[in-house]
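Let's take a walk through this structure together, one neighbourhood after another. Have your viewer open and follow along.

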Amino acid sequence: MIEFEGWLLDLFEDRDDGLVLYAMARDGGRHRLTTAFPVTFYALGKNTALRSLWKYLRKAYPFVRLSRTSRMDVFVRDEAPVLAITVPKPSDLYRVFHEVENRYPSLDYADVDVSISLRFAAATGAYPLARCHFEVDEAGLLLHVRPLESPWKIDMEPLPFTSMYIAPNVNPHHKKPHYIRAVIHPRVYRLGLSDWSSTLITLRRVIHRFDPDLIITRWGDTWLLPLLMEKSEELDIDLGLNREVGRQPKILEARTYFSYGQIIHRGQQVHLFGRLHIDRRNAVSWGDYDLEGAIETCRVTALPLQTSARVSPGTGISSIEILTALRSGVLVPYQKQQAEILKPVDTLYSADQGGMVYQPLIGLHHNVAMIDFTSMYPAILVNKNISPETILPLGKGGSPVPNLGFAIDNRVEGLIPRALRPLLEKRIEIKRRLLILDKWADETEGYARRASSLKWLLVVCFGYLGYRNAKFGQIEAHQAITAYSREALLLSKEIAEDMGYEVIHMYVDGLWVRHPDRTTPEDIFPLIDEIERRTELPIALDGIYKWVVFVGSRNNKNRPVANRYFGVFQSGEIKVRGIDARRHDCASYVREAQLRIIKMLAKSDDPAETLPGAVDYLKRHIRALQRGEIDLESLIVRQRLSRELDAYRSPPPAARAAMQLAEAGKVISPGQKVAFIHTLGKPGVVAWDLPGQPDPRTVDVARYKSLLLRAAGIVLESWGLDEDQLRRLMVTNLRQLRLPHWQLKPINQHQTQ
Amino acid sequence: MGRTLPSATQNLHSQEGSLSRFRRALRRRDQLVLDDLFDAAYKHIAAVAYAANLMPFESYLLCMLLEEHKAVMRLQNEVAELKDRHD
């Protein structure tokens with residue numbers, strides 16, 4: 001027997017060996033381990049049907065192990081009698097299950113579509129990238145594995161990855177790349193794309209020599225790896241992208257889906273076996289949290305890194321819940337048959353609401369304190385014990401949910417709070433450390449990235465309770481959380497008003513309040529303490545704004561909309577939400593100008609004094625555009641395509657650009673973004689990803705000017721300069737603008753008469 | 001997303017839309033006043049939603065009244081102040 005300590009790199013099913021694991025030993029060795037790993041699924045239903053199923057399985061699949069037992073069904077809130085069906089190898093499961101499901105469609109099934117890494121983590125405690133103690137026999141058969149660290153531990157040893165980075169020199173979906181760069185620190189290889197056989201031979205040599213654990217690419221999923229695989233087959237040069245011999249990398253098709261009111265496109269994926277591949281361009285929120293965040297997600301969700309880096313946070317949360325269910329003997333439903341509790345129509349009206357969203361007082365406000373509840377929905381979920389099995393109809397005990405016709409059973413901690421509590425606590429602890437750490441300390445960046453990845457998981461854990469396809473989703477749980485959140489926010493409003501504050505705005509988990517005399521953090525703390533005491537939820541001061549402007553709706557500026565504001569904190573930090581500078585579909589030419597003007601206002605003690613400077617700047621910025629001094633790249637507008645091209649009746653610019661691309665042979669699916677430039681004449685746009693550069697003389701200057709002035713007007717309006725006035729000022733004599741702000745008004749009046 | 005009922009904002013939009021024939025037949029200057037009244041309703045959508053009244057239009061009328069009365073009170077105060085100053 002061999003024993004060693006190391007990290008669990010990857011695991012996957014194998015038809016012959018059952019389960020294959022790759023481990024990185026502390027001494028530098030890499031090991032392929034195997035184990036048979038029998039897996040179990042359950043059938044539930046009428047006794048006669050279960051008996052008949054037993055008899056059928058005995059005959060048809062003699063290798064299957066059967067037993068009658070009981071497991072917890074959260075939707076029935078009780079133990080349910082089940083038939084446990086255990087197959088000797090994971091790869092047998094679907095074969096047996098499909099046959100069973102076809103023959104016995106009236107039965108319910110559980111623990112069927114559960115990822116193998118979750119099953120392994122539930123059975124052994126060893127999750128992907130965990131540091132473990134391995135016991136193995138001479139043939140590589142895994143005898144025992146024991147994790148040495150909990151995934152909830154904050155500081156873990158760095159992983160001893162050998163990593164390799166490969167990327168083409170340019171975005172291959174935009175231009176034809178000339179070479180690819182391969183980097184294994186400190187070596188850099190530049191591989192030309194004209195002589196494929198020499199490129200592949202070099203690449204093969206590099207991979208064999210350094211044997212990387214992790215391959216990080218750009219466009220590896222959608223372009224590079226599929227191309228390398230194609231060329232390697234064509235020229236019969238085996239690259240060894242996989243460590244696992246005799247397997248091809250797995251290609252998962254691209255897909256488009258609808259989520260949170262948006263059409264999302266997820267590109268094709270290439271997964272390796274025995275090595276890990278991450279495409280930075282196709283990884284979820286990579287920009288926010290980088291490799292550290294991806295590793296954090298992998299460990300807490302127990303999904304292999306290649307999967308966890310690419311799946312939505314919803315799948316991550318679902319995995320954490322499934323893992324908790326497997327460990328505590330709770331059935332993981334295969335197809336959930338769960339209906340909403342019958343409610344009278346007025347209760348339904350009360351229940352079917354989201355968070356409390358106020359309409360802010362439009363305009364400029366000084367000394368506004370912004371306070372927000374920390375991870376509000378997860379905190380409610382955990383503190384109020386909200387879970388499918390803790391929801392009770394009224395009259396059956398428990399504590400009633402405000403204004404809804406049901407109650408919460410607090411006698412035992414529910415499955416969902418149990419699953420999410422450690423996640424919430426870990427994020428709060430990392431955030432706490434970040435608060436006391438110096439901004440430039442070594443750990444700060446890593447902590448920030450990990451906190452960000454955990455934040456994404458927590459953000460969606462609430463939505464997942466209401467999602468009908470979620471394994472443990474239940475609409476009442478979802479409604480209870482928002483009901484508690486509205487209660488907490490209204491209670492906070494009342495507390496603030498009792499203490500003499502004016503509430504400027506409230507948005508789901510945050511309040512903007514102003515008090516004539518309380519303008520420092522110390523002044524605000526009594527309010528925070530009182531809210532925390534009465535709502536029993538953690539709340540913190542985000543900061544105090546020197547000034548903040550709430551902007552009206554795009555279509556009618558007298559109508560307030562939530563979450564459209566900009567302002568500057570007392571610390572000098574600027575916060576911008578909802579206006580052009582934060583919109584993804586805004587050209588950087590416009591975005592930068594708007595941000596620059598906000599910065600000018602923020603820096604000054606009297607923002608009104610900066611107006612002539614701002615107007616000057618806008619004039620120069622427009623002149624630069626007219627003279628063709630602005631890079632075409634900063635005029636690019638990126639918009640998401642929301643439907644198929646032939647479904648548009650009057651296609652918007654993004655669709656017209658996509659049509660040009662379609663003609664050039666590049667297909668854009670709904671959910672993908674299209675980059676384009678506004679141009680003169682028809683069709684009014686040129687797609688950026690067409691071959692060749694657009695002619696700078698065709699840029700629709702008037703259009704960009706109008707977008708710019710609209711964006712500037714939104715910002716300057718509170719100081720007396722709206723879009724219309726700016727438009728007029730752009731044609732008046734520059735010298736007049738040295739006038740102080742109050743003298744600008746008469747010009748306007750004069751011109752409107 | 002995932003809602004059984006339209007949100008309060010969607011509801012207000014559709015209520016406003018359902019009055020389009022009424023609005024069309026008004027004089028232009030009255031149309032603008034009507035729009036102004038609706039601006040008042042938009043300011044209190046959160047309260048309308050929270051009230052969850054089965055007949056939300058009653059709540060919208062109340063919002064309009066509320067803003068009207070605020071204006072009246074403001075004007076009353078101003079008149080009183082002007083009177084004080086005058087006396």
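## A guided tour, starting from a strand

A:Leu142 sits in strand S9 of chain A, which covers residues 142–147. Please keep in mind as we go that this is a predicted model. Is A:Leu142 buried or exposed? A:Leu142 has 22 other C-beta atoms within 10 Å, so it is buried, given that 20 or more are needed for that label. Apart from neighbours within four places in sequence, the contacts of A:Leu142 are A:Leu21, A:Leu33, A:Thr34, A:Thr35, A:Phe134 and A:Val136. For a sense of how sequence and space relate here, take A:Arg15: A:Leu142 is 127 residues from A:Arg15 in sequence and 17 Å from it in space, C-alpha to C-alpha.

Now zoom out to the sheet around this strand. In chain A, five strands in the order S3-S2-S1-S8-S9 make an open sheet with antiparallel pairing. Its edges are strand S3 (30–35) and S9 of chain A, each of which pairs on one side only. On average, neighbouring strands of this sheet are turned by 45 degrees against each other, direction ignored. The partner of S9(A) is strand S8 of chain A (residues 131–136): the two run antiparallel and are joined by five bridges. If you want a pair to click on, A:His133 stands opposite A:Arg146 in S9(A).

A helix comes with this sheet. Helix H3 of chain A (residues 116–124) lies across strand S1 (2–14), strand S2 (18–25) and S9 of chain A, and runs at about 145 degrees to S1(A). Which residues of H3(A) are buried? They are A:Ser117, A:Leu118, A:Arg119, A:Phe120 and A:Ala121. The cover over these buried residues includes S1, S2, strand S4 (39–44) and helix H8 (313–327) of chain A. After H3(A) comes A:Gly125, which has a positive phi, near 85 degrees.

One residue to look for is A:Tyr165, whose bridge partner in S13(A) is A:Ile216.

H10(A) is followed by A:Asn385, which has a positive phi, near 60 degrees.

Next, some helix pairs. Two packed helices are described by the angle between their axes and the distance between the axes. The axes of helix H15 (residues 588–603) of chain A and H18(A) cross at roughly 25 degrees and come within 9 Å. That is why H15(A) counts as roughly parallel to H18(A). Their crossing is right-handed. Among the residues that meet are A:Val590 and A:Ile597 in H15(A), and A:Leu707 and A:Val715 in H18(A). By class, the residues of this contact are 12 nonpolar, one polar and no charged. Helix H18 (residues 701–716) of chain A also holds A:Ser706. This residue has 13 other C-beta atoms within 10 Å and is therefore partly exposed.

We finish in chain B. Helix H3 (residues 28–42) and helix H5 (residues 56–86) of chain B pack at an angle of about 105 degrees, with their axes 8 Å apart. This angle makes H3(B) roughly perpendicular to H5(B). B:Leu37, B:Ala40 and B:Ala41 in H3(B) meet B:Tyr60, B:Cys63, B:Met64 and B:Glu67 in H5(B). The contact has six nonpolar, no polar and one charged residues.

Terms used. Residues numbered from 1 in each chain as written. Chains lettered and ligands numbered in written order. Predicted model: local features only at pLDDT ≥ 70, side-chain atom pairs only at ≥ 80, totals over all residues. Helix = DSSP H or I, 4+ residues; strand = E, 2+ residues; numbered from the N terminus. Buried ≥ 20, exposed ≤ 12 C-beta atoms within 10 Å, placed from the backbone. Contact = placed C-beta atoms within 7 Å. Pairing = 2+ DSSP bridges. Axes fitted to C-alpha atoms, helices over the stretch in contact; angles between N-to-C directions. Parallel < 35°, antiparallel > 145°, perpendicular 65-115°, else oblique. Left-handed = near helix turned anticlockwise from the far one by under 90°. Nonpolar A, V, L, I, M, F, W, Y, C, P; charged D, E, K, R; others polar.
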